[in-house]
Amino acid sequence: MPLPDRLPAAILVSLAAALLIALSGRRPNVRESWTFAAAAIKLLLVVSLVPAVARGEVVESSPLALLPGIDLHFRADPFGLLFALVASTLWLVTSVFSVGYMRAGGYARQTSYFAWFAVCLSATMGIAFAANLVTFFIFYEILTIATYPLVIHFRTDEAKRAGRQYLAYTLVAGQALLLAIAAVHVLAPGAEFQPGGFLAGRAGTPVLAVLFALFIIGVGVKAGIMPLHGWLPAAMVAPTPVSALLHAVAVVKAGAFGCVRIVGFVFGVDVLRAIGADVALAIAASITIVLASIRALGEGHLKRRLAYSTIGQLSYIVLGAALGSAAALAGAMFHIAAHGAMKITMFFCAGAIYAKTHLEQIEDLGGIGRRMPVTMGAFAVCALGLAGTPLLAGFISKWNIGLGAYQAGHPAFIAVLLASGLLNFAYFMPIVRTAFLDGEGTKPDEAGIALALPLALTSAAAILLGIFPDAGLNLYHLAWEAARQVVSPDTRGVL
Amino acid sequence: MTAHLPILIVVLPLAGAAAVALLGLRAGRAARGLALAILAASAACAAAALAAAVRTGPLRYFLGGWAPPWGIEYVVDPLAGGMATLVAVFALAAAVYAGPFVERLRPRDAGAFHAVYLLLTAGLLGIVVTGDLFNLYVFLEISSLAAYGLLALGGGRSVLASFRYLLLGTAAGTLYLLGVGCLYAVTGTLNMADVGARLPGQFDSPAVTMAIVLIVVGLAVKMALFPLHGWLPDVYTYAPAPVTAFVAGVMTKVSAYALLRVLFFVLGLGGAASDVLPVLGWVASAAALAGSVMALAQTDVRRILAYSSVGQMGYIVLGFAIGTPLALTGALLHVLNHAVMKACLFLSAGTVLYRTGESQLHGYEGVARHMPLTLGAFAIAAASLVGLPPTGGFFSKWYLLTAAFDAGRWPFAVVLAVSSLLSAVYMFRVIERAYLGEAPEPAPGTAPPGEAPAGMLAPTLALAAVVLLLGIFNEQVVSHVIAFALPPARGH
């Protein structure tokens with residue numbers, strides 16, 4: 001298959017799988033094999049783009065005219081490919097976990113679960129590869145809708161409430177985003193994402209400031225920027241694999257990804273500095289980082305503590321984008337991968353514990369570390385990583401963002417990163433301590449291979465990325481390549 | 001053959017109405033077959049006329065060979081052709097869907113039903129293709145009278161609702177006629193093109209101002225533009241489902257078409273007509289918001305849909321009011337999109353009513369479990385109503401939004417966004433109940449309601465598919481049809 005066709009193919013393969021899954025509801029093994037086949041094909045398609053993109057080639061495809069002057073346009077640039085790689089790799093891993101988790105729990109409506117999951121992944125690929133705002137928006141909204149059935153999967157009153165809250169936040173944000181996109185389309189007809197942005201000189205400061213605010217509301221809800229974060233802890237009522245992939249990787253990262261796209265590829269760092277929006281966004285992100293961490297301290301429910309941790313960690317990405325220097329952007333982009341690998345591991349751990357013991361409160365986890373050493377070992381590794389311990393993935397992104405703050409002339413934000421690191425220790429380490437040191441001693445009894453293997457793999461990835469950030473998929477190289485393009489668009493190779 | 005298409009579009013259902021009425025006295029089933037065949041033929045003629053008009057320019061037909069301005073002229077330009085195709089195809093789809101409904105009628109009544117139905121279709125098609133202002137009034141009355149009869153078939157409260165519509169509709173028709181009279185007094189002609197040619201220079205005349213006001217108000221009642229929408233909710237709620245789907249899909253749109261035709265083609269936005277647009281803009285904004293708010297307050301699903309139509313008519317008129325080619329593109333695309341989605345919604349709601357006897361919100365609890373396909377169609381059409389991509393509704397909203405920004409009228413864009421959110425709320429109330437509600441246990445000895453019969457399901461699903469196709473391929477529709485249908489550049 002020619003390279004450009006692999007972009008729509010990577011999007012469509014899971015959409016087709018969703019149909020097949022829906023049609024094979026009666027035979028679970030056939031149904032699950034569609035998920036694995038689609039996940040494997042998608043991953044192969046995405047990985048096969050890496051060499052060309054790393055060489056700086058343009059891979060793009062516009063299969064359809066959407067509107068006069070606007071195509072449905074896909075393009076694999078380094079940043080988009082980075083996100084696509086993270087999402088498609090973790091989908092494959094999550095699928096193993098999903099099957100183990102859903103079967104262990106004997107949950108109802110698994111067909112609808114796997115079908116909507118596949119639709120979500122299609123939408124995520126569309127977001128990653130979108131080359132213009134309209135294409136981005138279409139998949140962004142599809143992701144919003146396709147996630148809803150997963151949030152309300154258990155049909156409890158709590159789940160329904162969370163679903164309503166989720167839709168209220170995301171649909172309002174969607175309209176804000178749509179208004180901003182329509183206005184941008186009038187200011188710069190037919191413009192596409194462009195490193196360094198395309199809005200310079202297109203409108204006066206007040207207009208650009210209002211537009212930027214609308215954009216940030218639009219992507220900030222999914223990225224969990226406070227005070228737009230309320231839906232995320234509530235959505236933890238969803239099955240744990242959903243929380244793992246969608247509420248730690250695909251959905252929330254779509255927001256963070258969108259934020260970087262808007263900052264680096266629509267407005268451009270210079271425009272934001274001119275209107276003063278860079279510092280404003282950086283302060284909002286800093287407040288979110290600190291408040292979410294403090295909020296996590298007081299949360300006794302494991303998944304909800306992880307959710308608050310996610311809110312804080314996502315704002316690292318926002319902060320990096322707002323600072324806008326090369327290192328800050330590279331760190332922000334790499335954090336999509338780093339946080340993805342680490343946080344998904346921790347959700348997997350929470351899921352494995354729940355599947356095995358039905359425990360969700362942190363205070364009840366005494367001794368669980370001796371009972372499930374692999375699970376809690378992985379948890380401890382990723383907790384250290386999120387706090388920014390060297391040799392783990394989180395350190396790479398945090399170091400770069402800190403360096404970027406210095407480069408950008410705002411070294412004060414390094415203090416935010418340090419404070420956040422301490423807070424991360426403060427809210428994660430008690431869990432690890434409780435798990436290994438409290439409670440009765442018991443023999444090891446893990447949750448089964450389908451649940452333990454994924455979390456072992458992703459925690460290994462967190463270590464690997466910390467030592468060799470370029471291992472395998474060139475993620476670090478892609479992040480730096482994308483950051484360089486944004487910061488000095490004139491010297492960019494091709495895009 | 002092509003030369004005769006304009007008249008065939010109208011004459012087929014008009015003459016067919018008489019034939020079907022007579023045949024219905026003897027053979028109800030045959031009458032239905034004939035009616036469907038006539039509707040299909042009429043749709044084919046409309047589509048052929050549209051294709052010819054896009055390819056070679058407007059088709060003109062002089063009734064009885066009398067050239068205008070003495071005789072009546074029928075004109076099928078791409079706008080009229082597109083609208084006629086829409087009307088005819090919807091007439092056919094709703095008639096197919098009406099099958100199970102008709103079987104509940106006595107055979108003799110079935111013939112009458114189809115005859116009146118054809119008459120309504122003929123009236124609407126006549127409004128669309130005529131090039132004569134007075135002739136338009138005649139067809140307006142034909143369609144209205146036929147509609148009163150059909151809408152009253154729902155029995156019970158539908159009779160009263162229909163009577164109210166009769167009174168208001170007659171008043172509205174009279175206002176329109178008075179307006180046409182004023183124009184005639186000034187220009188001495190009734191032919192649209194002729195009036196348009198003679199008006200410049202007369203715009204200062206108070207009679208022209210009067211005419212514009214009368215025509216706009218008259219048509220605003222017919223298209224249920226807020227705050228003149230009073231007749232609509234009851235009519236949509238109590239009429240039989242197939243009739244509602246047809247009427248809600250296209251009847252108010254035909255009046256909107258007439259408004260567009262008069263404002264932009266006949267008056268060319270000269271004189272007071274250009275002053276009407278800002279007023280229409282604010283009225284339409286109020287309609288878009290008020291319709292959605294009123295829909296929120298309803299507990300009957302059909303009433304939710306009816307008030308939603310009031311709001312959506314606001315979108316269309318908002319496009320007229322902005323008046324740029326981009327805005328008119330959005331308005332016309334929304335005429336098409338809204339026709340498809342609202343018909344789909346009413347058909348789904350009608351099917352639920354047919355199967356469960358319920359149209360109240362609480363009666364929708366868990367209904368999706370028994371009727372997954374019907375509710376699936378409902379959900380897709382609802383997404384289009386909210387304007388979620390990749391459905392058709394998103395794209396018409398996109399044109400309207402960019403047109404509003406482009407014209408510097410950003411408050412209109414905000415109105416559209418807010419109205420979308422409100423419609424998301426009222427549609428979500430239905431969908432959440434249908435999918436997440438607990439279905440009541442069926443009474444002992446009865447089976448739970450099943451999926452709809454194929455005859456009802458097919459048009460519903462087809463419309464849902466069209467909702468998606470209109471979204472994905474909207475650019476084709478815009479650049480191959482709507483681009484040709486826009487009025488000539490604004491003259492002053």
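Helices here are DSSP runs of H or I with at least four residues, numbered from the N terminus. The model shown in every view is predicted.

**View 1. The contact between chain B and chain A.** On the chain B side, 19 residues are in contact with 22 residues of chain A. Three helices of chain B each supply at least two residues of this side: α17 (392-406), α18 (410-436) and α20 (474-485). The largest share comes from α18(B), with seven residues. By class, the chain B side that touches chain A has 14 nonpolar residues, three polar residues and two charged residues.

**View 2. The two domains of chain B.** Domain 1 of chain B covers residues 1-131. Domain 2 of chain B is written in two segments, 132-439 and 450-485. Taken over C-alpha atoms, the centres of domain 1 and domain 2 of chain B are separated by 21 Å. Across the boundary, 34 residues of domain 1 of chain B are in contact with 41 residues of domain 2 of chain B. Which helices each supply at least two residues of the domain 1 side? They are α3 (78-97), α4 (99-103) and α5 (107-129) of chain B. Helix α3(B) gives the largest share of that side, twelve residues. The domain 1 side that touches domain 2 of chain B has 27 nonpolar, six polar and one charged residues.

**View 3. The largest nonpolar core.** This core has 428 residues. Those with the most contacts inside the core are A:L82, A:V318, A:M333, B:A84 and B:V87. Helix α14 of chain A, residues 326-357, gives the most to this core: 23 residues. From chain B, domain 1 (1-131) and domain 2 (132-439 + 450-485) each provide at least three residues of the core.

**View 4. The surroundings of B:A84.** Residues up to four places away in sequence are not counted here. Beyond those, B:A84 touches B:I9, B:A46, B:A49, B:V76, B:L125, B:V128 and B:V129. B:A84 is also one of the residues with the most contacts inside the largest nonpolar core.

**View 5. Cis peptide bonds in chain B.** Most peptide bonds are trans. One cis bond joins B:F226 and B:P227, with omega about 5 degrees. B:P227 sits in the loop between α9 (206-222) and α10 (232-238) of chain B. Another cis bond joins B:P389 and B:P390, where omega is about 0 degrees. Where is B:P390 found? The loop between α16 (372-386) and α17 of chain B holds B:P390. Helix α17(B) is among the helices that supply the chain B side touching chain A.

**View 6. Positive phi at A:R155.** Most residues other than glycine have a negative phi. A:R155 is not a glycine, and its phi is positive, near 60 degrees. A:R155 lies in the loop between α6 (133-151) and α7 (157-187) of chain A. Is A:R155 exposed or partly exposed? A:R155 counts as partly exposed because it has 15 C-beta neighbours inside 10 Å. A residue is exposed at 12 or fewer such neighbours and buried at 20 or more.

**View 7. Positive phi at A:L391.** A:L391 is not a glycine either, and its phi is positive at about 75 degrees. A:L391 is found in the loop between α16 (373-387) and α17 (393-407) of chain A. A:L391 has 11 C-beta neighbours inside 10 Å, so it counts as exposed.

Methods: Residues are numbered from 1 along each chain as its sequence is written. Chains are lettered from A and ligands numbered from 1 in the order in which they are written. This is a predicted model: local features need pLDDT of at least 70, side-chain atom pairs count only at pLDDT 80 or more; totals for chains, interfaces and linings use all residues. Two residues are in contact if their C-beta atoms, placed from the backbone, lie within 7 Å. Ala, Val, Leu, Ile, Met, Phe, Trp, Tyr, Cys and Pro count as nonpolar, Asp, Glu, Lys and Arg as charged, and the others, Gly among them, as polar. Domain bounds come from an automatic or database domain assignment. A nonpolar core is a set of buried Ala, Val, Leu, Ile, Met, Phe, Trp, Tyr and Cys residues joined through C-beta atoms within 7 Å.
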